[in-house]
Amino acid sequence: MELDMAADELKSVLNRLRRAQGQLAAIIRMIEEGRDCEDVITQMAAVSRALDRAGFAIIATGLQHCMADDGAEPADRDQMRARLEKLFLSLA
């Protein structure tokens, strides 16, 4: 399955990933500085949510493309559905 996203969808996903990257760098600094555990965990949860949202956006695009492919054989659709379901569950 190829990652084929419209420019606006791609920009949104990349923005989420860059935000998560910045948050992760901040978490590393917080740990190195001996910051409060509760603050670190709160930031880790935020990074996790950002990554989940980016993953769900990518999977939703895959579902959208899959549903738009009406000419696909039933076996191909079933295989694609199974692959997307596995990806979706990997984020759950």
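**View 1. The largest nonpolar core.** Six residues, A20, I27, M30, V40, V47 and A50, form the largest nonpolar core. The elements that each supply two or more residues to this core are α1 and α2. A nonpolar core here is a set of buried Ala, Val, Leu, Ile, Met, Phe, Trp, Tyr and Cys residues joined through side-chain atoms within 4.5 Å. Buried stands for under 20% relative accessible area, exposed for over 50%, and partly exposed for what lies in between (1.4 Å probe, protein chains only). Please keep in mind that this is a predicted model, where local features need pLDDT of at least 70 and side-chain atom pairs count only at pLDDT 80 or more, while totals for chains, interfaces and linings use all residues. Residues are numbered from 1 along each chain as its sequence is written, and side-chain values use heavy atoms, with hydrogens and water left out.

**View 2. The whole chain, for orientation.** The protein chain has three helices and zero strands, and its elements run α-α-α from the N terminus on. Helices (H or I, at least four residues) and strands (E, at least two) are DSSP runs, numbered from the N terminus. Of the 92 residues in the chain, 20% are buried. The accessible surface is about 6,800 Å², and carbon and sulfur atoms hold 56% of that area. These areas come from the Shrake-Rupley method with a 1.4 Å probe, and for residues only the protein chains shown count as cover. Contact means heavy atoms within 4.5 Å. Among contacts between residues at least 6 apart in sequence, 65% join residues at least 24 apart.

**View 3. Helix α1 from end to end.** Helix α1 covers residues 7–32. From its first C-alpha to its last, this 26-residue helix reaches 37 Å, close to the 38 Å expected at 1.5 Å a residue. The expected span is 1.5 Å times one less than the number of residues. The buried residues of α1 are V13, A20, Q23, I27 and M30. After α1 comes G34, whose phi is positive, near 75 degrees.

View 4. Q23 sits in helix α1. Q23 counts as buried because its relative accessible area is 18%. With neighbours up to four places away in sequence set aside, Q23 is in contact with Q43, A46, V47 and A50. Leaving out residues up to four places away, A20 touches V47, A50 and L51. V47 and A50 also belong to the largest nonpolar core.

View 5. L10, L14, L17 and L51 make a nonpolar surface patch of about 290 Å². Helix α1 gives the most to this patch, with three residues. Patches are built from residues with over 30% relative accessible area and no salt bridge: like charges are joined within 9 Å, and nonpolar side chains (Val, Leu, Ile, Met, Phe, Trp, Tyr) within 5 Å.

**View 6. The salt bridge between R35 and D39.** The structure holds one salt bridge, in which the side chains of R35 and D39 meet at 4.0 Å, N to O. The criterion is a side-chain nitrogen of Lys or Arg within 4 Å of a carboxyl oxygen of Asp or Glu. R35 is partly exposed, with 43% relative accessibility. D39 is partly exposed as well, with a relative accessible area of 34%.

View 7. I41 belongs to helix α2, residues 37–68, and is partly exposed at 48% relative accessibility. M44 and A26 are 9.7 Å apart, C-alpha to C-alpha, and 18 residues apart in sequence. D52 has its place in helix α2 too, and its 24% relative accessibility makes D52 partly exposed. Between the C-alpha atoms of D52 and L91 there are 6.4 Å, although these residues lie 39 apart along the chain.
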